[in-house]
2 protein chains.
Amino acid sequence: MQDTHISLAHGNGGRYMRELIEEIFARHLANPELDVHADAVPISVEGGEVLFTTDGFTVQPLEFPGGNIGSLAVHGTTNDLAVAGAIPKYLSLNAFIEEGLEIATLERIVKTLAETAAETGVKVVAGDTKVLRRGEGGGLYLATTGVGIRQGHVMSMQNIKDGDTIMVSGPVGDHGIAVMLAREEFGLRGDIQSDAASVLNLTTRALDHKGLRFMRDPTRGGIATVCTELQRATGFGVRLNEEFLPVREPVQSVCEMLGYDPMYLACEGRVVAIVDTDDAQALLATWQSLEEGKDAAIIGSIDSTIPYVLMETEIGGERIIEELEDDPLPRIC
Amino acid sequence: MQDTHISLAHGNGGRYMRELIEEIFARHLANPELDVHADAVPISVEGGEVLFTTDGFTVQPLEFPGGNIGSLAVHGTTNDLAVAGAIPKYLSLNAFIEEGLEIATLERIVKTLAETAAETGVKVVAGDTKVLRRGEGGGLYLATTGVGIRQGHVMSMQNIKDGDTIMVSGPVGDHGIAVMLAREEFGLRGDIQSDAASVLNLTTRALDHKGLRFMRDPTRGGIATVCTELQRATGFGVRLNEEFLPVREPVQSVCEMLGYDPMYLACEGRVVAIVDTDDAQALLATWQSLEEGKDAAIIGSIDSTIPYVLMETEIGGERIIEELEDDPLPRIC
């Protein structure tokens, strides 16, 4: 492509758009099923129940330590399939590109997206691009829809029983703080990397455990939101122990400086699992045996005697974890 | 909901977002498969090959005569499945909502989207919302991904043969001009309605004709873009006859006033079909027997003796239809 920046003509359906799609998107995403000239493409979904999910991405800045909006879009959508018990197979990709975006930036992002898709074993087989007028776009927004095939047993919040154990696969809040620091809004710097990663290995191995009731990835709204959703859906309370919640030291420091609660920070490569307590130590050992689960921890339990989410603090007190109201960190995904 | 306008808190994963999703999206889109609390939902795709497609929508203004961005999103994506020979079954929906959008406007759009989905026989089963900062959004962008099941025979541009007939299911350019007039940029007014509509009935009936080679909906870039794509993919030229191209009189008038070429204007409820000439009159009769195809017309033929798209003009001349370069009407879909 001769252009260095996106213009409105790249969205008009004509030559410029064709060149953008062929030279940036199709070139990096190339796979046999991707036909950029077709209205719709056939996909192969033999062998199990089909699961379907979608996500939009508006993270600012577009690139941050540990990833960019492209890897985030793949991880976000494939992780939703993974925690639902599926193997991700196909993605569609919508790109809303702002006029004026540097094409080199777009290409870096699409390249990362393509590499992430390949690593995760998922194929981008359908796509669309639209160009937004300058000042209307934030550079780039992505939307990805995923199709996967169920593996293992069907999980549901409805399977959760009083006394079940809650665990998390690794430290929380890295993604939220990494993106916040990348904005350089507070004059803070740090070398915190986003935890954005595929959780497919964690979820696949967890499904071997018959006692596994339910999994969710704690993205927007963090662990707190997963727990308040659990409480609302099951009617059972949730009792957490702050002492056991894994939070990296630099994340904890930034939280203390700025008054953030790690419980509400987004993760993009973690899994929360609810498991029969008889199977909890086994699942913990399974996760800890994996590189991506080596810091997994049991953080609490389902407790029908309380009608809310309760955190036992490290100094021996208790506080109620409320549903998120005002988000201190918007646009981290 | 107590709020009248969208705020950033409606995108944060907490209470405001839950209320927005429950009271606006889930309420209107309600169907048994839509589980707004699930990470991914099972879909049923028995009975044939699965087809997959996606589209983004950025039309301005959000509401126009004959539709709004919600109905457009459903028609745009389900029509891509229809022209590929599928029956649309499921949609995912991503909404990028600008801070400050009136919630009443959002609700009208979601309601129309839900009604259009119901009319088209498609279920919205997965969704996500993100809120964009004020000034960054254009009010609302949508992305929809569709899943359908193939019906009838497999079509392909590769099936197209020299001498095949090209027809269109109705007048062209209504959508482009209706949206342009709704912007009131040129001080022009008119009562032109968008042609945005489902083409499923047209495509299903067309698939009964063994001579049908290929179908496409002439959206961004119009009939001209369909024809230049045909020429590029097949290597055969395309010969069109301006006299037979159906264009409504008010659309023609606006085009003459502003110097637009109806060949490049977007339609959102039309089908271009390439058909074996032996079967052309039969397909024309089939389409003309339908309300949505009553103005269908044969507009040209595949001609291997020319290496471009040629238009025979009404005054007896000829002009070459080039690939679209600069779009006079951006953001009409």
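**Close-up views of a predicted two-chain model**

**View 1. Polar contacts and residue classes at the interface of chain A and chain B.** Across this interface, 35 residue pairs are in polar contact, with both members at pLDDT 80 or more. The side of chain A that touches chain B comprises 31 nonpolar, 19 polar and 20 charged residues. The model shown here and in the following views is predicted. Chain A brings 70 residues to the contact, and chain B brings 69 residues.

**View 2. Buried area between chain A and chain B.** The two chains bury about 5,500 Å² between them, and carbon and sulfur atoms account for 52% of this area. Three residues of chain A, namely Asp39(A), Phe52(A) and Arg220(A), supply 16% of the area that chain A buries against chain B, more than any other three residues.

**View 3. A salt bridge between the chains.** Eight salt bridges are counted between chain A and chain B. One of them joins the side chains of Arg18(B) and Glu323(A), with an N to O distance of 2.7 Å. Side chains of opposite charge can pair when their charged atoms come close.

**View 4. Strand pairing from chain A to chain B.** Strand E2 of chain A, residues 50-57, pairs with strand E1 of chain B, residues 41-43. The sense of this pairing is antiparallel, and three bridges make it up. Val50(A) has Ile43(B), in E1(B), as its bridge partner.

**View 5. The aromatic pair of Phe96(A) and Phe96(B).** Over all chains, four aromatic pairs are counted. In one of these, the rings of Phe96(A) and Phe96(B) are arranged edge-to-face, at 5.4 Å centre to centre and with 65° between the planes. The pair crosses between chains: Phe96(A) belongs to strand E5 of chain A (residues 86-98), and Phe96(B) to strand E5 of chain B (residues 86-98).

View 6. Most residues other than glycine have a negative phi, and most peptide bonds are trans. In chain A, the bond from Gln60(A) to Pro61(A) is cis, with omega near -5°. Pro61(A) sits in the loop between E2 and strand E3 (63-64) of chain A. In chain B, the bond from Gln60(B) to Pro61(B) is cis, with omega near 0°. Pro61(B) is located in the loop between strand E2 (50-57) and strand E3 (63-64) of chain B.

**View 7. Strands E10, E13 and E14 of chain A.** Strand E10 (residues 237-241) and strand E13 (residues 309-312) of chain A run parallel and are joined by four bridges. Within this pairing, Leu240(A) stands opposite Met311(A) of E13(A). E13(A) also pairs with strand E14 (residues 318-321) of chain A, here in the antiparallel sense and again over four bridges. Val309(A) has Ile321(A), in E14(A), as its bridge partner. E13(A) and E14(A) form a hairpin with five residues between them. In the turn of this hairpin, Gly316(A) has a positive phi of about 90°.

View 8. The model contains 46 salt bridges over all chains. Among them is the one in which the side chains of Glu318(A) and Arg239(A) meet at 3.6 Å, N to O. Glu318(A) is part of strand E14 of chain A and Arg239(A) part of strand E10 of chain A, so the pair ties together parts that are 79 residues apart in sequence.

Definitions and conventions: Residues numbered from 1 in each chain as written. Chains lettered and ligands numbered in written order. Heavy atoms only, no water. Contact = heavy atoms within 4.5 Å. Buried area = accessible area lost by both parts, 1.4 Å probe. Salt bridge = Lys/Arg side-chain N within 4 Å of Asp/Glu carboxyl O. Polar contact = N/O pair within 3.5 Å; in protein donor to acceptor, adjacent residues only side chain to side chain. Nonpolar A, V, L, I, M, F, W, Y, C, P; charged D, E, K, R; others polar. Pairing = 2+ DSSP bridges. Helix = DSSP H or I, 4+ residues; strand = E, 2+ residues; numbered from the N terminus. Phe/Tyr/Trp six-rings, centres within 6.5 Å; stacked < 30°, edge-to-face > 60°.
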